[in-house]
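Morning, everyone. I have one chain to walk through today, so please keep the structure open as I talk.

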Amino acid sequence: MSDTEHSHDHVDEEKRDFIYIAAGAVAAVGAGAIGWPLVSQMSMAADTKAAGSIEIDLSNIDEGSQVKSLWRGKPVFVRHRTPAEIAEAEAVDVATLPDPATDNERLMPNKEGKLDPRYLVMVGVCTHFGCVPIGEQGKVDALGEYGGWYCPCHGSHYDTAGRIRKGPAPENLVIPPYEYVSDTVIKVG
Ligand code: FES
């Protein structure tokens with residue numbers, strides 16, 4: 001390949017990356033737009049608002065579905081996982097993972113001090129270049145090859161614990177600081 005051809009390919013690659021990132025930015029705006037109606041499912045007390053925290057009522061999330069909320073300008077996903085999704089997440093040999101973490105390590109204890117694996121709480125930002133992964137049940141190809149989330153920007157696949165399994169993303173989806181403030185309500189932030 002001549003230098004000219006090589007450089008042309010390089011420019012095309014850059015252009016393509018830009019297009020993907022731009023598409024991701026649109027996806028992020030779209031996710032925000034989807035997230036806003038769900039804000040009605042949250043109560044935002046004045047004190048928590050000041051601290052940049054949000055409260056999310058888990059009882060409103062049906063098994064097998066997820067809600068998106070906005071926290072400090074970022075989407076937060078809460079998925080109410082099915083027993084099959086939990087079993088899949090727990091069965092993985094963590095030593096084989098690019099960013100090793102057990103399913104339990106990605107959960108916070110509830111008011112009784114126990115982990116409730118049904119609810120997975122994550123920042124919905126791909127750890128590659130920051131697109132918003134998709135992961136809605138019932139949408140074609142939305143769950144990726146590992147049944148969790150799929151980032152269409154450059155093809156990162158996350159499993160049902162939000163751990164990176166395939167693609168260029170270097171790390172698992174981030175677990176934000178959160179705690180249970182009642183049996184069914186969590187405070188993020
Ligand atoms: S931003 Fe590149 S794979 Fe998600």
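**Helix 3 and its neighbours**

Let's start with packing. The buried residues of helix 3 pack against strand 3 and strand 5 (residues 147-151). Contact here means heavy atoms within 4.5 Å. Buried means under 20% relative accessible area, exposed means over 50%, and partly exposed lies in between, with a 1.4 Å probe and protein chains only. Helices (H or I, at least four residues) and strands (E, at least two) are DSSP runs, numbered from the N terminus.

Some ground rules. This is a predicted model: local features need pLDDT of at least 70, side-chain atom pairs count only at pLDDT 80 or more, and totals for chains, interfaces and linings use all residues. Residues are numbered from 1 along each chain as its sequence is written, and side-chain values use heavy atoms, with hydrogens and water left out.

Back to helix 3. Which of its residues are buried? They are E85, I86 and A89. These residues sit on the same side of helix 3, because they cover an arc of only 100 degrees around the axis. That arc is taken from the directions from the helix axis to the C-beta atoms. Turn to the face away from the buried side, and you find the exposed residues P83, A84 and A91.

Now A87. This residue also lies in helix 3, which spans residues 83-91. Is A87 buried, partly exposed or exposed? It counts as partly exposed, because its relative accessibility is 42%. A87 and T160 are 73 residues apart along the chain, and their C-alpha atoms are separated by 9.3 Å.

**The sheet 5-6-7**

Next, an open sheet. It has 3 strands in the order 5-6-7, with antiparallel pairing. Two strands pair if DSSP finds at least two bridges between them. Strand 5 and strand 7 are the edges; each has a single partner strand, so one side of each is left without a neighbour in the sheet. The twist averages 35 degrees from one strand to the next. For angles, axes are lines fitted to C-alpha atoms, for helices over the stretch in contact, and values run from 0 to 180 degrees between N-to-C directions.

Take the pairs in turn. Strand 5 and strand 6 run antiparallel and are joined by 4 bridges. G147 has D159 of strand 6 as its bridge partner. Y150 stands opposite H157, also in strand 6. The two strands form a hairpin with 4 residues between them, and G155 in the turn has a positive phi of about 80 degrees.

Strand 6 then meets strand 7 (residues 164-166), antiparallel again, through 2 bridges. Here Y158 stands opposite I164 in strand 7. This is a hairpin too, with 4 residues between the strands, and G162 in its turn has a positive phi of about 75 degrees.

What covers the picture for strand 6, residues 156-159, is burial on both faces. S156 and Y158 are buried on one side, H157 and D159 on the other. In a regular strand the side chains alternate between the two faces of the sheet.

**The sheet 2-3-4**

There is also an open sheet of 3 strands in the order 2-3-4, with antiparallel pairing. The twist averages 20 degrees from one strand to the next. Strand 2 and strand 3 pair over 6 bridges.

**Cores**

A nonpolar core is a set of buried Ala, Val, Leu, Ile, Met, Phe, Trp, Tyr and Cys residues joined through side-chain atoms within 4.5 Å. The largest has 15 residues, and those with the most contacts inside it include I56, V78 and I186. Strand 4 gives the largest share, 3 residues. A second, separate core has 14 residues, among them C131 and W149.

V78 touches I56, L58 and I186, among others, leaving out residues up to four places away in sequence.

**The whole chain**

To finish, the overview. The chain has 3 helices and 9 strands. Of its 189 residues, 41% are buried. Among contacts between residues at least 6 apart in sequence, 53% join residues at least 24 apart.
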